[in-house]
Amino acid sequence: MAVARTNGLALLLLPSALLFALFFFVPIGLMAVMSLLTGNPVVAANVAFTARHYLRIVNDPYYLEVIWTTIRIGLWTTLISLLIGYPLAHWMARIRSRAGHAALLMAVLAPMLTGVVVRTFAWMALLSDKGVINQILASLGLTTKPVQLMYNETGIVVGLVHIYVPFMVLTLTGVIGRIDERLEQAAESLGASPLRSFLEVTLPLSLPGILAGSLLVFALSISAYVTPILLGGFQIMTLPILIYQQISANFNIGFAAALGMVLLLVSLLLIVAYNRVLGLVSGQHELQ
Amino acid sequence: MPPFAPQTPSQEFSGALPAATSLRDRQRASAQSRRPAAGKRIRAGRALYLTVNIAVLIFLLAPIAIVVVFALNPTPFIQFPPVGVSLRWFQKFFAARDFMHALVFSLEVAMLTTACATLLGGCAALAIARGNLPGARIVLAVMLSPLMLPAILTGLALFQAYVLLDVGRPLWGLVAGHTLVTIPYVVRTTLAVLHNFDLRLEEAARNLGASPGRTFFEVTLPLVKPGVLAGAIFAFIVSFDQFPVSLFLVSPGNETLPITLFNYLKFDLDGTIGAASVVSILLAFLVVLALDRTVGLRAYVKL
């Protein structure tokens with residue numbers, strides 16, 4: 001019955017299209033314009049186009065350092081999420097019992113359904129100078145004074161890994177689950193050890209999942225705000241923190257917009273890459 | 001969060017063939033009998049695999065357990081091991097006006113957002129799946145884009161637009177921002193159902209004489225309902241926990257619970273935060289339990 005032309009149901013898209021136009025595209029367009037203006041055209045007279053906000057980012061080593069810190073934290077978070085997420089994703093994809101799979105799924109979803117602020121609070125309770133870990137270390141007599149576990153980049157990375165590793169696990173599980181198990185069985189019946197069949201069959205075939213999951217986790221962790229500010233103890237500056245500071249403390253909308261555009265550009269590149277990678281995987285799948 | 005990247009086709013995890021299992025076991029058994037040393041190595045590898053995985057699970061779940069312990073522990077600072085069980089922090093939380101105000105406001109925003117996102121997202125999904133739109137793939141990519149674009153940018157852009165238009169920080173502005181970041185969940189779950197939908201059911205209804213309207217309300221809608229419902233539940237949870245968009249769009253005195261918790265956390269680290277956290281965790285779990293009972297979880301968490 002499918003008719004190959006647009007029908008009445010297409011009209012149902014209109015309300016969403018309107019919402020996206022008014023509350024998404026127009027505001028992001030305005031942000032792009034604001035990043036190129038000398039002031040707020042509504043309140044100030046003689047507003048002109050300028051590139052000074054972008055020049056300020058490029059010319060001041062402080063802002064480049066902030067961008068580099070953001071990227072460095074993102075890279076560490078991605079790497080560690082991959083290292084600890086892969087085994088769990090593999091287990092989830094290969095576990096045979098239905099109940100076991102459901103339990104693992106719940107374990108991965110439970111943290112995802114807990115708010116970011118709550119989870120950051122949990123890590124503060126664990127990592128602070130008087131936190132659980134330091135109390136345990138002290139009561140065991142291993143340390144005499146608290147080990148500094150937070151208010152540094154390590155603390156931020158630990159918190160971010162906890163928040164974003166479920167995204168890695170779910171992406172990887174999908175890809176590993178689609179690898180034909182008979183390939184591994186063939187390798188093993190030809191004499192390869194399970195480790196070797198994993199390294200030479202499963203791992204290479206799951207490469208697209210590794211790439212997609214890494215891009216996703218990286219994109220999410222460079223735009224995090226709560227965790228870096230609380231676990232960094234307001235000491236470490238990242239791009240999202242800087243953006244909010246420009247709005248709340250300096251009320252420099254133009255500069256905040258320029259910083260926002262930098263973050264937008266990086267994110268868009270990552271999204272395009274992510275979609276291409278996952279598109280490739282499903283494309284291959286359809287060919288098989 | 002769960003239901004995004006649309007590219008992965010559906011698949012069954014646990015439907016692994018029992019025949020393959022036994023074949024594999026037999027192979028392994030024979031390999032072990034041939035080479036006992038290799039068998040020992042395989043067992044050690046298996047143990048390592050399980051140990052690593054259990055460690056990761058502990059890493060994932062322990063922080064949540066710590067929050068609960070902290071909320072029930074009577075001392076005003078973190079103490080480990082806990083010294084007792086009390087509900088004083090819950091009493092303090094429910095007696096604190098700013099927390100209660102934030103909780104009620106959050107629920108209000110989440111409910112308004114869920115209503116908007118479900119209606120708009122459900123309609124959009126129908127249009128994408130059935131409207132024969134030109135460029136439906138691009139439309140879908142746009143509708144899903146708020147998931148991957150940093151929400152802090154959505155917040156910043158909306159904040160700037162509201163400043164330029166001089167509208168202040170109204171409730172509808174906040175709800176619009178939340179709707180934007182929750183619509184993708186509804187679109188995803190509804191489309192998932194629509195794609196598995198047997199079109200012949202509609203054809204049968206039509207052939208038996210039902211009008212297009214009656215077919216829609218009596219066949220299409222009931223069949224799509226689980227997907228829409230799942231999307232609505234995700235929308236509610238995401239809106240209730242939403243932080244970056246709210247950060248830019250709330251007005252002082254009218255803050256959502258995550259913002260109030262965040263402001264409290266900057267200065268204080270007592271059990272009230274633990275109690276507040278437990279309340280919001282319980283709320284999310286109740287909602288997820290409802291989701292699992294009504295439509296089942298598995299279908300909606302494919303990445």
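Guide: In chain A, residues 24 or more positions apart account for 73% of the contacts with a separation of 6 or more (two residues are in contact if their C-beta atoms, placed from the backbone, lie within 7 Å). The model is predicted: local features need pLDDT of at least 70 and side-chain atom pairs count only at pLDDT 80 or more, whereas totals for chains, interfaces and linings use all residues. Residues are numbered from 1 along each chain as its sequence is written, while chains are lettered from A and ligands numbered from 1 in the order in which they are written.

Along its principal axes, the C-alpha trace of chain A spans about 80 × 75 × 35 Å. Of the 288 residues of chain A, 45% count as buried (20 or more other C-beta atoms, placed from the backbone, within 10 Å of the residue's own; 12 or fewer is exposed, and in between is partly exposed).

We now come to the part itself. Two packed helices are described by the angle between their axes and the distance between the axes. Helix α10 (residues 207-222) of chain A packs with helix α7 (residues 153-177) of chain A at an angle of about 155°, their axes being 9 Å apart (axes are lines fitted to C-alpha atoms, for helices over the stretch in contact, and angles run from 0 to 180 degrees between N-to-C directions). α7(A) is therefore roughly antiparallel to α10(A) (over 145 degrees; under 35 is roughly parallel, 65 to 115 roughly perpendicular and the rest oblique). By class, the contact of α7(A) with α10(A) has 13 nonpolar, five polar and no charged residues (Ala, Val, Leu, Ile, Met, Phe, Trp, Tyr, Cys and Pro are nonpolar, Asp, Glu, Lys and Arg charged, and the others, Gly among them, polar).

Helix α3 (residues 61-94) of chain A packs with α10(A) at an angle of about 140°, with 8 Å between their axes. That angle makes α3(A) oblique to α10(A). Here, too, α3(A) passes α10(A) in a right-handed crossing. This contact includes A:T70, A:I71 and A:G74 of α3(A) and A:S214, A:F218 and A:I222 of α10(A). Its classes come to seven nonpolar, nine polar and no charged residues.

Further along chain A lies helix α12 (residues 239-248), in which A:Q245 is found. A:Q245 has 15 C-beta neighbours inside 10 Å and so counts as partly exposed. Between A:Q245 and A:A256 there are 8.5 Å in space, C-alpha to C-alpha, and they are 11 residues apart in sequence.

Let us turn to the neighbouring chain. Contact between the chains involves 87 residues of chain B and 92 residues of chain A. On the side of chain B that touches chain A, the largest share, 16 residues, comes from helix α2 (residues 36-72) of chain B. That side has 66 nonpolar, 15 polar and six charged residues.

Chain B has 12 helices and zero strands, and 45% of its 303 residues count as buried. Within chain B, helix α5 (residues 136-148) and helix α7 (residues 171-195) cross at roughly 125°, and their axes come within 8 Å. α5(B) and α7(B) are therefore oblique to each other, and α5(B) passes α7(B) in a left-handed crossing. In this pair, B:M143, B:L144, B:P146 and B:L147 of α5(B) meet residues of α7(B) including B:L180 and B:R188. Nine nonpolar, no polar and one charged residues make up the contact of α5(B) with α7(B). Finally, helix α11 (residues 257-265) of chain B is largely enclosed by the rest of the structure, because seven of its nine residues are buried. Those buried residues include B:L257, B:F262 and B:Y264.

Terms used: Helix = DSSP H or I, 4+ residues; strand = E, 2+ residues; numbered from the N terminus. Left-handed = near helix turned anticlockwise from the far one by under 90°.
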